[in-house]
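Here's a quick tour of one chain, meant to be read with the model open beside you.

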Amino acid sequence: MSSERSINFSAGPAIIPESVLQKASKEMLNWNNTGMSLMELSHRSGPFKELIAKIEQDLIDLLKIPETHKVLFLQGGAHFMFSGVPLNLMGENGKGDYILTGNWSTRAMNEAKKYGKVNVVCKPDEFNKIPPKEEWNLSTDASYVYYCDNETVKGVEFPDIPDVGDVPLVCDMSSNFLSRPFDVSKFGCVYACAQKNFGMAGLTIAIVRKDLIGKQLPYTPMMLDFELQAKANSMFNTPSTYAIYIAGLIFDWLKEQGGLEEIAKINLKKCKLIYDAIDNSNGFYKSPVEIKSRSRMNIPFVCKNKEWESEWLEGAAKLKLVSLKGHRSVGGFRASIYNAMSYEGCEKLVNYMIDFMKTKEK
Ligand code: PMP
C-alpha cells in the first residue's frame, strides 16, 4: 500500500482496493481506447452496453446467481429500497413481516408502514443480538419477511440465512454483500448499496426473484418499479455509469482474490484478530454484542474509561488508523473491516489497541 494512504476503517463510504483506484485513475482520460473518460461515455453506446453486460455476468459468476433471479442496477442508495420493497412486494396482502435487529431494519419498517401493514417479528430491547427463532412472531399472511443481514451501526450480523418457510425473504445486505458466498435462491429479493463492499455511492444492486416482478402497487414511482427496470435491463434512465464501472473493477479484484470463498476466509481471520484482542484485554476493551451475533464487518467496541476516547482516536490517527469513531448514536469505537481492508491493516489496529492499553495499565 502506498505510504500516503490512510488505513480507513470507515463504515461507508469505505475503503476501496488500491489497485482498483489505480486502474480507474489510469483509465480516467481514455477508457478502453474510446478517447474519453467512462464518465463521458453514453450509456446507450455499444462499449457501455458491453461493459454492463460483463459486469452483470461477473456478479452472476461470483454469487452463482440462478436463472430464476434478475440483477438490477439501481440508484437512490439503500434508502430507496426501503420504499422499493413494499411498493413492489406487498402485493394483494398488503402486509410485510419485519425482523428488527437494529436501526436500518427499523427505518425500513417505518417506511413500509406508509404503503401497507407491518408486523414486527421480533425486536430485542437493545439491538445487541439476533433473538432466537423461538421468540419470533411470524404472520401467516405476510407477503414477505424482511431483515437486515448485518446491522452496520451496532455490528449485529445473522450467522445464517433465516428460515422463514415459503414466504419470500427480503434482505438488506448493504454492509456485508460479497463478504462471503450465500445461496441466492433462498431470497425473494436481496439488495445492497455499493459504498461499503463494492465501490462508490450512487449504485444499489438488487437481485430479485423473477416471479415476484410485476406485482408493484399502481402508484409505484417509475424509478422504483422492478418490472420497468427489469424490462429495460437497468437502462430505463441514465444509470450511475461510473459507479457501475467501479463495481466492475471490484468484481475483477474479487475474482483475483480467489472469489467469495477465499474472501470469506480472510474476513473471518480479520475479525477474529480484533475480537480476540477485545476479549483478551481483561475488560479494558469491551464488545457490546452477544458473541454469536457479532458482525464480521463492523466491530463496535468501547474502552473502560470513556474519557480516554479522544486520546485513543488521536493516537490512532497519528498512525493513519482513521474513521474509528463509533456511530454518533452509540459512541466508543467502530472498526469497519470490509473486503478491501487488509489483514495487515487489522494487525496494525490490534497492535495499537494493545500499546494504548499498556500505557494506561502501567
Ligand atoms: N442499510 C444498511 C445496512 C446500511 O449500513 C446503510 C448505510 N449506511 C443503509 C441501509 C443506508 O444506505 P444509503 O445511505 O445508501 O441509503
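Helices (H or I, at least four residues) and strands (E, at least two) are taken here as DSSP runs and numbered from the N terminus. On that count, Pro124 sits in the loop that runs between strand 4 and strand 5. Keep in mind that this is a predicted model. An unreviewed UniProt entry annotates residues 8–349 as "domain: Aminotransferase class V". That span is 32% helix and 16% strand, and its end C-alpha atoms are 11 Å apart.

- Setting aside residues up to four places away in sequence, Pro124 touches Leu100, Lys129 and Pro131.
- Leu100 is 24 residues from Pro124 along the chain, with 7.7 Å between the two C-alpha atoms.

- Which residues of helix 4 (residues 103–112) are buried? They are Ser105, Thr106, Ala108, Met109, Glu111 and Ala112.
- Beyond its neighbours within four places in sequence, Arg107 is in contact with His79 and Phe82.
- His79 and Arg107 are 28 residues apart along the chain, and their C-alpha atoms are separated by 8.7 Å.

**Leu74 at the end of strand 2**

- Leu74 belongs to strand 2 (residues 69–74).
- Is Leu74 buried or exposed? Leu74 is buried, because its relative accessible area is 7%.
- Leaving out neighbours within four places in sequence, the contacts of Leu74 are Met81, Gly202, Leu203, Thr204, Ala206, Phe226, Gln229 and Ser240.
- Pro239 is 165 residues away from Leu74 in sequence, yet the C-alpha to C-alpha distance is 7.1 Å.

**Gln216 in its loop**

- Gln216 lies in the loop between strand 10 (204–209) and helix 5 (226–231).
- The side chains of Gln216 and Glu227 are joined by a polar contact of 2.9 Å.
- Not counting residues up to four places away in sequence, Gln216 touches Leu87, Asn88, Asp225 and Glu227.

**Helix 6 against helix 7**

- Two packed helices are described by the angle between their axes and the distance between the axes.
- For helix 6 (residues 241–256) and helix 7 (residues 259–279), the axes come within 7 Å and cross at roughly 75°.
- Angles of 65 to 115 degrees count as roughly perpendicular, so helix 6 and helix 7 are roughly perpendicular to each other.
- Helix 6 brings Trp253, Leu254 and Lys255 to the contact, while helix 7 brings Gly259, Leu260 and Ile263.
- By type, the residues of this contact of helix 6 with helix 7 split into 4 nonpolar, 1 polar and 1 charged.

**Glu18 in helix 1**

- Glu18 is part of helix 1 (residues 18–26).
- Its relative accessibility is 19%, so Glu18 counts as buried.
- Apart from neighbours within four places in sequence, Glu18 is in contact with Met1, Ser2 and Arg5.

**Backbone geometry to check**

- Most residues other than glycine have a negative phi, and most peptide bonds are trans.
- What is the peptide bond from Gly12 to Pro13, cis or trans? The bond is cis, with omega near -10°.
- Pro13 is in the loop between strand 1 (7–8) and helix 1.
- Asn33 is not a glycine, but has a positive phi of about 60°.
- Asn33 lies in the loop between helix 1 and helix 2 (46–63), and at 72% relative accessibility Asn33 counts as exposed.
- Ser323 also isn't a glycine, and its phi is positive, near 60°.
- Ser323 is in the loop between strand 13 (321–322) and strand 14 (333–336), and Ser323 is partly exposed, with a relative accessible area of 40%.

Note on methods. Residues numbered from 1 in each chain as written. Predicted model: local features only at pLDDT ≥ 70, side-chain atom pairs only at ≥ 80, totals over all residues. Heavy atoms only, no water. Buried < 20%, exposed > 50% of the residue type's maximum accessible area, 1.4 Å probe, protein only. Contact = heavy atoms within 4.5 Å. Polar contact = N/O pair within 3.5 Å; in protein donor to acceptor, adjacent residues only side chain to side chain. UniProt positions renumbered as here; feature names shortened; annotations may be inferred. Axes fitted to C-alpha atoms, helices over the stretch in contact; angles between N-to-C directions. Parallel < 35°, antiparallel > 145°, perpendicular 65-115°, else oblique. Nonpolar A, V, L, I, M, F, W, Y, C, P; charged D, E, K, R; others polar.
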